Amino acid sequence: MASSTPAPCPPKGQALLEAMRRHLFSSQAKSASLATTHDHYVCLSLAVRDILLTSWVDTVDTYTSQHVRTATYMSAEYLLGPHLENNLVSLGLREEARAACEALGLTLEEMLAEEPEPGLGNGGLGRLAACFQESMATLELPAIGYGIRYEFGIFRQQIGPTGQMESTDPWLARGNPWEVIRPEWSYPVVIGGQTVIGVAYDTPILGYGVHTANTLRLWSAQAPDAFDFASFNAGDYTRAVLHKVQSETLSKVLYPNDELEQGKRLRLSQQIFFVSCSLQDMFRILGSQGIPVTEFHRKFAVQLNDTHPAIAVAELMRLLIDEHGVDWDTAWSITTATISYTNHTLLPEALEAWGLELFQQLLPRQLQIIFEINARFLRTLRIRFPGQPDLLERLSLIEEGPHRKVRMAHLAVVGSHTVNGVAELHSRLLKENLFAEFAQVWPERFTNITNGVTPRRWLAVANPPLAELLNDAIGTDWCRHLDQLRKLEPLATDAAFLERWQGVREQAKERLAATIRQDTGVLVDPSSLFDVQVKRIHEYKRQHMAALQVVERYLRLRAGEDLPPRTVIFGGKAAPGYAMAKLIIRLIVGMAEIINIDPAMDGRLRVIFLPNFSVKLGQKIYPAVDLSEQISTAGMEASGTGNMKMSLNGALTIGTLDGANIEIRDRVGDDNFFLFGHTAEQLAAINRNGYHPMPWLENDALAKEAIDLIGSGHFSEGDRDLFHPLLANLCSSDPFRVMADLGDYRRAQNEVDGAWCDAGRWSMMSVLNTARCGFFSSDRSIQEYAERIWKVVPVPVNSCSVIPQSS
Ligand code: OX2
């Protein structure tokens with residue numbers, strides 16, 4: 001609670017305060033004596049929304065009156081994180097909001113804690129979509145984000161003695177002050193012969209320090225008639241509402257699988273549902289501006305975020321031909337001039353392929369169109385590559401065999417003018433492996449755009465003390481032009497600056513230590529090395545390799561070795577049906593239980609599993625990381641974006657040559673990065689010769705000891721069977737090559753220990769990581785998409801509301 005005599009409110013704070021009071025009456029219908037903390041949060045959000053509405057309305061007016069070319073981003077996931085603080089920072093009103101809260105006897109922190117986050121995504125792919133929306137607005141690019149308004153977002157994770165437990169995420173239960181329903185923009189979608197209506201819910205996405213507020217338009221499913229009167233009149237009430245319930249399940253829940261396609265009926269229904277609504281909405285916009293449908297590709301650039309929206313290729317064809325009377329050839333040139341596709345993974349289990357039977361049942365007309373696209377595509381191939389039926393079979397949109405399937409990635413490649421990967425290595429492997437033969441057919445179609453993250457959320461919002469230090473040291477421009485961080489380089493050897501840098505880092509670590517205590521009950525030492533791996537739990541990300549390393553450290557400490565104190569922090573959700581990932585969590589939890597109470601550790605090793613990793617929690621974690629674990633099997637992590645968030649906030653990376661790690665290392669310098677492990681090429685060579693983990697393990701006494709300790713039941717209350725599936729897998733097929741990299745990982749970890757002991761050098765390396773990370777801004781990624789793929793240019797919005805430049 002604030003002190004009894006708050007500091008006087010600045011004028012904008014005063015205006016916010018008055019708006020909060022007004023909303024308590026006019027929106028919450030309460031008197032101050034009955035208002036809950038949540039009421040106050042809603043009032044503050046509505047007060048902030050009132051301010052940004054001017055920009056939002058002006059943005060739509062500007063785009064409409066100028067008939068601007070528009071990028072539309074189609075994504076099944078948006079991992080947005082809370083809106084309030086981000087909007088306050090973009091408006092430059094954070095301190096004013098703080099003062100307004102204090103005048104009411106509240107704190108801004110209490111208000112921020114009240115906001116449930118819209119967790120409409122699983123991990124990196126959904127978070128990237130959210131960073132991209134914010135960058136498009138900041139760069140003043142006309143854009144619309146399209147997706148699904150899931151009533152239940154990513155499940156909540158609790159951690160008990162048996163590992164992960166899931167519960168639902170009713171993020172909308174108390175309403176959502178950031179969205180506006182637009183019932184006038186509703187569209188019918190026919191799925192399996194039944195019609196479902198998609199209703200638009202709009203959320204403003206404000207740019208930083210500009211008047212642009214773009215729209216994120218999420219579709220919610222409704223039944224065409226709430227009620228089946230025929231059944232009702234026949235006395236069957238339940239039946240009367242059944243269709244309503246069935247229709248509305250379409251946008252009920254986000255599938256909790258990251259990089260795994262399960263081929264479920266509801267999932268394909270969700271895909272056509274949001275894609276069709278979005279395309280129909282684009283036709284509506286076209287019509288309202290008097291633009292002929294044959295100009296669709298001049299008005300819109302449609303970006304597919306992975307293959308989840310790939311059905312757009314067939315649906316755009318259907319709408320052009322069936323609904324707008326366009327001939328096939330014209331429709332095909334419009335479609336391929338409009339659509340581009342981003343691939344996010346090489347993992348085979350993530351590649352979507354839908355059984356023909358299911359497709360035929362749900363989307364017969366779209367399937368007919370896919371067959372026709374395929375027939376024409378194969379005909380051109382046959383002429384270009386005579387006598388190569390195998391090639392045609394490999395490239396076909398239809399996978400033949402006993403269970404014929406539609407290959408969605410092939411549909412996306414054939415229907416797009418540009419296909420991009422998300423980091424240099426990934427884009428190269430796409431061209432050499434997954435899409436090698438497509439790249440022979442259309443070499444010019446393939447390109448790379450390395451991912452990025454928004455510095456507003458991941459630095460200005462997440463790490464205010466660092467933001468302030470940067471403002472003092474290099475000015476405020478970094479927040480819009482992240483390359484400006486370069487100016488920090490000379491300060492990496494400046495003793496006074498390094499001292500302030502250290503202070504900022506200590507604050508962040510103390511803040512995280514408090515969160516750890518609150519969420520797990522464990523006390524950690526903020527002066528120990530914070531070694532962090534937070535991301536979805538997946539075998540290719542190799543959390544089990546990090547866990548083995550911790551067990552080795554435990555053994556070494558018990559044997560009397562002198563190692564600097566470490567706090568090893570894990571976090572991340574496992575897909576509820578992914579047994580091995582859940583077992584890895586169980587192992588980490590079991591290790592934490594024993595190691596954290598072992599007196600022999602004497603505070604030199606703590607293991608933490610932070611439950612329910614989310615955007616909110618990430619904002620507390622990233623600023624406090626000393627060592628960023630980016631240890632995926634080379635060739636498997638398309639890019640990674642957590643790696644960028646940590647390095648940007650001054651962490652040093654221990655990592656493999658995988659995804660964007662390679663580009664991070666190129667930029668921060670190999671002296672400031674702990675590299676280990678086999679390269680993708682080396683692993684490919686090992687695989688060709690037949691890999692077996694045993695020879696690696698046999699020469700490694702420490703690894704053997706660690707595995708034996710786990711197998712003995714030491715971390716499972718004596719249960720020797722519990723971790724058997726994990727250990728047996730590591731010692732037999734070891735599909736993610738843990739054993740091949742473990743020894744070198746240990747060597748790199750020893751280097752980390754050595755470097756940590758030289759605090760001055762570590763700080764310098766930390767500064768250089770931040771200084772050289774400017775490239776990894778999502779502004780740079782989006783600029784590349786806009787210039788090279790979408791051909792969309794900035795359209796500044798002149799608004800009468802005055803927006804200050806920095807927070
Ligand atoms: C993820 C990738 O695994 C990750 O490497 C990448 O940084 C992120 O997408 C954003 O590009 N589902 N999630 C991903 O790919 C898929 C499919």
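## The six-stranded sheet

Six strands line up here as an open sheet, in the order E19-E18-E17-E20-E21-E22, and they pair in parallel. Two of them sit at the edges: strand E19 (605-610) and strand E22 (673-675), each of which pairs on one side only. Neighbouring strands of this sheet are turned against each other by 20° on average, ignoring direction. All of this is read from a predicted model.

Strand E21 (residues 652-655) runs parallel to E22, and 3 bridges join the two. Within this pair, Thr 653 stands opposite Phe 673 in E22.

Helices pack on the sheet too. Helix H21 (residues 495-520) touches strand E17 (529-534) and E19. Helix H22 (residues 543-558) lies across E17, strand E18 (566-571), E19 and strand E20 (627-630). How does each helix run relative to E19? The direction of H21 makes about 70° with that of E19, while H22 runs at about 155° to E19.

| Helix | Residues | Strands touched or crossed | Angle to E19 |
|---|---|---|---|
| H21 | 495-520 | E17, E19 | about 70° |

## The three-stranded sheet

Another open sheet has 3 strands, in the order E12-E14-E13, with antiparallel pairing. Its edge strands are strand E12 (353-355) and strand E13 (398-399), and each pairs on one side only. E12 pairs with strand E14 (residues 405-407) in the antiparallel sense, over 3 bridges.

## Domains and the ligand

The chain is divided into domain 1 (1-66 + 83-116), domain 2 (67-82 + 117-146 + 178-449) and domain 3 (471-521 + 528-773). Taken over C-alpha atoms, the centres of domain 1 and domain 3 are 39 Å apart.

Where does the ligand lie? Domain 2 and domain 3 both give residues to the shell around the ligand, so the ligand lies between them. There are 18 residues around the ligand. Those that come nearest are Gly 124, Leu 125, His 344, Ala 638 and Ser 639. What is the make-up of this shell? The shell divides into 5 nonpolar, 9 polar and 4 charged residues.

## Confidence

The model scores ipTM 0.99 and pTM 0.97. One stretch stands apart: over residues 802-807, pLDDT stays under 50. For this stretch the model has 15 contacts beyond four places in sequence.

Terms used. Residues numbered from 1 in each chain as written. Predicted model: local features only at pLDDT ≥ 70, side-chain atom pairs only at ≥ 80, totals over all residues. Near = placed C-beta within 6 Å. Nonpolar A, V, L, I, M, F, W, Y, C, P; charged D, E, K, R; others polar. Domains from an automatic or database assignment. Pairing = 2+ DSSP bridges. Helix = DSSP H or I, 4+ residues; strand = E, 2+ residues; numbered from the N terminus. Axes fitted to C-alpha atoms, helices over the stretch in contact; angles between N-to-C directions. Contact = placed C-beta atoms within 7 Å. pLDDT = per-residue confidence, 0-100.
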